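Please keep the sequence and the model at hand while reading.

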Amino acid sequence: MKLKNISNWSDITALEALLFFAQRLDELLFDYTLDTYKSPALNPPFLCKEALDLITEIEAGSIDAQNLIHVLEELEWSIRNDPAAKQLIGLDVSSFFLGEEAKNQLHKQRNLLEIIQKSIQPDIYLLRVQEDLLIALNNNKKNDINRLSRTWVTTLTNLGVTKKHLFQTTEKFFFSNHPVTSTEDAKRFFLACMPVIHSFEVYFIAKKDLSKFSSTLSLFSMEILEALPEDLIQIAEEHQFKAEADEILIKVSNINSFDIHSGRREAEQILDRVRDLILLYSHKKPITWSPTTIVTQCCLESPVIAISPKSSVQMISDLRPGIAASRLQFMLENMSITDGNDRERFDRIVDLHGLCALQDAPETQILNLWICIESIIPSEPSRNKINNIIQTASPLLMLTYIRRLIKNLLRDLLEWNKKVTRQTLKKISHESDEWSAIKVLMLLSPEHEELRKELYSKLDDFPLLRHRIFFLSEIFSSKDKVQNLLGEHKKKVEWQIRRIYRTRNLLVHSGRTPSYLSTLIENAHDYLDSMILEILELSCSAKRISTFRQAYELFHLQHNHYEKSIKALTNITFENIATIYHSRPPRKTVDEIYDNHNKLLGGTTTTEQ
């Protein structure tokens with residue numbers, strides 16, 4: 001969230017809205033941003049398309065009609081909370097939805113959805129969002145800028161523009177030596193990001209075995225080159241792009257896409273298909289190629305080096321190697337999941353989780369992640385599969401939500417300025433095993449408004465961080481707002497888990513890959529990691545949780561207590577705000593409890609024994 005270069009900003013105060021917009025885009029497009037602050041997988045135009053596609057699948061018998069109700073519920077909610085969509089539709093939203101009757105009147109519901117679809121076609125919707133963004137920027141309406149930025153990114157990425165292209169364009173436009181002097185410059189930025197089709201040629205270095213299939217390559221607009229064209233030699237030499245003795249140069253032509261990275265992706269998908277076709281007849285030695293490519297674009301004078309993007313599975317925050325090593329050692333020494341079936345399932349989950357990190361095919365990743373999620377959640381005969389997964393997983397995911405928000409804010413504050421952050425937190429008296437995060441939460445309490453104002457005065461160059469603190473302080477000023485936050489998050493998690501499940505079924509039964517698959521992979525991986533780590537935390541503690549079912553029963557009880565504790569609050573104050581954090585108890589193993597007790601009695605420790 002740091003602004004890399006503000007030397008060209010002549011008047012930070014006048015351009016605060018644009019600076020906020022730039023920092024928000026930087027956060028939205030960063031690979032490791034907390035999922036809460038990323039753009040959603042879908043917005044009204046694409047939720048409407050999802051619902052229409054789902055009706056087609058229901059009519060074909062590929063999926064159960066009950067799934068439609070949840071998609072329509074999300075679509076209606078999304079439109080009601082999207083002024084741009086409501087303006088384009090122009091009628092009462094409720095008149096377009098049949099509720100539970102939709103699954104029995106598919107034809108009528110389809111007609112109503114098609115009317116919505118005509119009103120909010122993605123290209124028209126994008127123009128309206130950009131017009132609304134310009135108004136919000138001119139009036140410095142940060143809540144509107146925040147909301148519109150999210151849906152702007154979602155629209156472009158679902159149309160086919162890559163996040164990497166948007167990220168690089170944002171960095172170049174706002175955070176380089178490029179002068180930005182007024183909100184009028186946002187118009188030029190929008191033009192630079194518009195989804196315009198370009199023509200590309202992509203050059204790969206592949207293993208020589210592919211040359212045996214040269215006659216096949218021409219069917220896919222691919223050819224083997226003896227040497228690179230002269231205009232590519234300089235960039236090839238600069239980046240050591242050279243075919244070795246056992247390699248060949250491959251050119252993929254007739255690629256039409258939105259940007260360098262989507263063009264490279266489409267070219268590689270063609271290579272993937274050729275490799276998989278070859279494997280039908282020759283299994284032992286798959287064709288491989290280098291991740292580094294040279295890409296030429298019709299309207300650019302110079303070629304560009306493009307490297308294979310990160311896998312969606314990798315787009316999650318990681319522990320530093322040293323911390324990861326100590327956590328792993330602790331887990332191996334203290335884990336008490338001893339039930340034979342659950343231990344076998346745990347080992348299988350570890351194996352499949354590892355395969356996801358090693359594989360590149362997103363379809364395989366989402367299938368393996370879903371198998372892991374199904375494996376870690378005990379079956380319940382009285383519920384169908386997806387309802388059981390949602391009802392079992394939700395308490396755990398809800399217990400960790402506010403904790404993650406606060407820890408993310410703490411990390412942002414420390415990255416901004418460690419010294420100022422520590423000085424500010426020292427002014428808050430509190431002792432806890434998670435004292436820093438708890439102090440950040442207490443900083444957001446109504447009693448610390450003056451301390452927040454003091455902090456705001458130092459954040460002129462970081463309006464996004466200042467707005468985030470203000471927004472969260474507003475949420476944590478009232479138990480009703482906290483309950484609304486948790487309720488909305490629970491609803492979104494449920495919708496997304498159902499979407500992951502439907503996508504898994506569509507991949508298996510229809511072979512169709514949705515445009516938003518990468519977002520689903522990120523979310524599925526995040527949900528799975530949360531479940532694994534929280535269960536391991538219980539298993540390694542003195543509670544001696546030995547089965548998955550015991551762990552989820554305890555999460556359910558803790559969540560019920562958590563909800564009751566928040567409901568029992570009258571006003572949120574400095575003294576009781578920690579209630580909504582749900583701190584983990586201090587980590588103590590059984591051995592540590594015995595050691596502490598023996599020391600109290602003046603005896604020996606288990607280690608000495």
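The points below are grouped by topic, from charged contacts to aromatic rings and the surface. The model is a predicted one. A search of the whole structure finds 40 salt bridges, and the structure also holds 14 aromatic pairs.

**Salt bridges between helices**

- Side chains of opposite charge can pair when their charged atoms come close.
- E59 and R110 meet through their side chains in a salt bridge, with an N to O distance of 2.6 Å.
- Because E59 belongs to helix 2 (residues 44-59) and R110 to helix 5 (residues 106-119), this pair ties together parts that are 51 residues apart in sequence.
- E59 counts as partly exposed, at 47% relative accessibility, whereas R110 counts as buried, at 16%.
- A salt bridge also joins R499 to E74, whose closest N and O atoms are 2.6 Å apart.
- Distant parts of the chain are linked by this pair, since R499 is in helix 22 (residues 479-509) and E74 is in helix 3 (residues 66-80), 425 residues apart.
- R499 and E74 are both buried.

**A salt bridge between strands**

- K251 and E223 form a salt bridge in which the closest N and O atoms are 4.0 Å apart.
- K251 lies in strand 3 (residues 247-257) and E223 in strand 2 (residues 222-225), so the contact ties together parts that are 28 residues apart in sequence.
- Of the two partners, K251 counts as buried because its relative accessibility is 15%, under the 20% limit.
- E223 is partly exposed, with a relative accessible area of 37%.

**Other contacts of charged residues**

- A network of salt bridges links four residues, namely E16, K142, D460 and R466.
- R468 lies over the face of Y37, and the distance from the ring centre is 3.7 Å.

**Aromatic pairs and a cluster**

- A pair of aromatic rings is described by the distance of the centres and the angle of the planes.
- F173 and F174 form an edge-to-face pair, with 5.0 Å from centre to centre and 70 degrees between the planes.
- Since F173 is part of helix 8 (residues 163-174) and F189 is part of helix 9 (residues 185-193), the pair ties together parts that are 16 residues apart in sequence.
- F189 is buried, as is F173.
- One aromatic cluster is formed by F21, W152, F173, F174, F189 and F190.

- L277, L280 and Y281 make a nonpolar surface patch of about 390 Å².
- Within this group, L280 is found in the loop between helix 12 (260-279) and strand 4 (292-297).
- L280 counts as exposed because its relative accessible area is 57%, which is over 50%.

Note on methods: Residues numbered from 1 in each chain as written. Predicted model: local features only at pLDDT ≥ 70, side-chain atom pairs only at ≥ 80, totals over all residues. Heavy atoms only, no water. Helix = DSSP H or I, 4+ residues; strand = E, 2+ residues; numbered from the N terminus. Buried < 20%, exposed > 50% of the residue type's maximum accessible area, 1.4 Å probe, protein only. Patch = residues over 30% accessible without salt bridge, like charges linked within 9 Å, V, L, I, M, F, W, Y side chains within 5 Å. Areas by Shrake-Rupley, 256 points an atom, 1.4 Å probe, with all protein chains shown as cover. Phe/Tyr/Trp six-rings, centres within 6.5 Å; stacked < 30°, edge-to-face > 60°. Lys NZ or Arg CZ within 6 Å of the ring centre and 35° of its normal.
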